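Colleague: I am new to this one. Could you show it to me and let me ask about the labels?

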Amino acid sequence: MADFLSQYSIQRWLEMCPQGYLEDTVYGRGAEEHEPEELLGDEDLLESEISTTVQLVVGERCALAASSGLINAAPDFPSKRFLATQTLDEARHVEVFTQRLYDLGVKKGDLESTVDRYANPNLVKFAEVLLEKVDDGDFIAGVVGQNIVLEGMAFSVFEMMEAGNRDPNPKFAHTLTGTIADERRHVGFGENRIGALIREHPEKKPEIEKMQQEMTFYMLATFADAFADAPPPPPDPERAAAEWHGTDLATATPEEMEAVLANTVLGEFKTRLGRIGLEYQTPVGVG
Amino acid sequence: MTDAESSAPPNSRDSRRTYELEDLGFNEVPKKWRKFYRHWTGPGDELAPNEILCPVCKVVIRSGREFRPGDKVYCMPCMSRMVVVEGPGGRLEAEVVF
């Protein structure tokens, strides 16, 4: 355990992240990159992108609160040190996605009202389920909720968005590339740290599986809401194909995009939870 | 050097096909390690005999010689340790070691 945790050093984080893939970036993208004019000039598309980016801000604010809250609950100093690097990663994600809202025309004074207006209530509930565990100081449940469920979802969402934006919006795609690289460390820590802890505390399994079930319920409800509101892709014969898990995102309908995202995330949940000794629980109605 | 290169029995070394690795633009690890990784492009991405997919962070790990069951592999982007196993259909897979 000590050997595995020793890899998550601040020095390693510095070399890989700020001195590595984030070097020379500005808010996570190239200094000269901008949102495309076609997006900024289309009122409906702009509102849709603002709404999507607000969900990213809400999710990352939750991740920031969870990772920072888990530092004091961590049972060992190497885990606290890793969570300190994750806290800075999450704070950076909040910042780059907030900056994107400003780039899309949201005024700084309107930030919180914009977040309140567009934040999906199911995503807020998803966050509340996790933060309740963190507030209770439950390290194992908190890390499963944060680094496996939330980060597992974010990992697939970011990958899908990056694939879909690579051609039409390289600026946003580059921002997402850096966040995906960060998520790799976070899911790695989650599986490696909790895989061992779950074996030591099998009595925690039912409670953690119940949390996963609730979080999954709210995640799927969030996806359903998000894609129900999404405009269909504008016809553009010039646009390059954007294949992601067998679906061309450049031409897919919102229903097709919801299906490929939900199926991918749920498949990943089952595999990741199985690897650490937990059984995926299919969501049922949460009252 | 990946763990896969350092952990195999010496007498099996010569019988394996070897590969010249080049940097494929994977910038998520320090420069000297970049040639050992590449981005995975999805389920249709066919892996070479010296490549294995990290099941945790979905990065392709590359070795200077072909993988065999029992090889130990380290994924620097997510810092997971794995062992190569034969999966269904004889395909090699990485299994995480906690």
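This is a predicted model: local features need pLDDT of at least 70, side-chain atom pairs count only at pLDDT 80 or more; totals for chains, interfaces and linings use all residues.

Colleague: Let's begin with the fold. How many helices and strands does chain A have?

Modeller: Chain A has 11 helices and two strands. Along the sequence the pattern reads α-α-α-α-α-α-α-α-α-α-β-β-α.

Colleague: What makes chain A as compact as a globular protein of its length?

Modeller: The radius of gyration of chain A is 19 Å, and the globule rule gives 19 Å for 287 residues. The two values are close, so chain A is as compact as a globular protein of that length. The C-alpha trace spans about 55 × 45 × 40 Å along its principal axes. Of the 287 residues, 56% count as buried.

Colleague: Why is A:Val106 called buried?

Modeller: Buried means under 20% relative accessible area. A:Val106 has 9%, so A:Val106 counts as buried. A:Val106 sits in the loop between α5 (77-103) and α6 (111-118) of chain A. A:Ile50 is 56 residues away in sequence, yet the C-alpha atoms of the pair are 8.2 Å apart.

Colleague: And in chain B, is B:Arg62 buried or exposed?

Modeller: B:Arg62 is buried, because its relative accessible area is 8% and the limit is under 20%. B:Arg62 belongs to strand β3 (residues 59-62) of chain B. B:Arg38 is 24 residues away along the chain, with 7.6 Å between the two C-alpha atoms.

Colleague: Now the charges. Why is the contact of A:Glu35 and A:Lys171 called a salt bridge?

Modeller: Side chains of opposite charge can pair when their charged atoms come close. The cut-off is 4 Å between nitrogen and carboxyl oxygen. For A:Glu35 and A:Lys171 the closest N and O atoms are 2.6 Å apart, so the pair qualifies. The pair links distant parts of the chain, 136 residues apart: A:Glu35 in the loop between α2 (10-21) and α3 (37-40), A:Lys171 in helix α9. Both A:Glu35 and A:Lys171 are buried. Over all chains the count comes to 27 salt bridges.

Colleague: What makes A:Asp167 partly exposed?

Modeller: A:Asp167 has 43% relative accessibility, between 20% and 50%, so A:Asp167 counts as partly exposed. A:Asp167 lies in the loop between α8 (139-165) and α9 (170-200) of chain A.

Colleague: Which residues gather with A:Asp167 in a patch of negative charge?

Modeller: A:Glu37, A:Glu38, A:Asp236 and A:Glu238 gather with A:Asp167 on the surface. Asp and Glu count as negative, so this is a patch of negative charge.

Notes. Residues are numbered from 1 along each chain as its sequence is written. Chains are lettered from A and ligands numbered from 1 in the order in which they are written. Side-chain values use heavy atoms; hydrogens and water are left out. Patches are made of residues with over 30% relative accessible area and no salt bridge: like charges are joined within 9 Å, nonpolar side chains (Val, Leu, Ile, Met, Phe, Trp, Tyr) within 5 Å. Accessible areas come from the Shrake-Rupley method with a 1.4 Å probe; for residues, only the protein chains shown count as cover. A salt bridge is a side-chain nitrogen of Lys or Arg within 4 Å of a carboxyl oxygen of Asp or Glu. The place of a charge is taken as NZ of Lys, CZ of Arg, CG of Asp or CD of Glu. Helices (H or I, at least four residues) and strands (E, at least two) are DSSP runs, numbered from the N terminus. Buried means under 20% relative accessible area, exposed over 50%, partly exposed in between (1.4 Å probe, protein chains only). The radius of gyration is taken over C-alpha atoms; the globule rule is 2.2 Å times the number of residues to the power 0.38.
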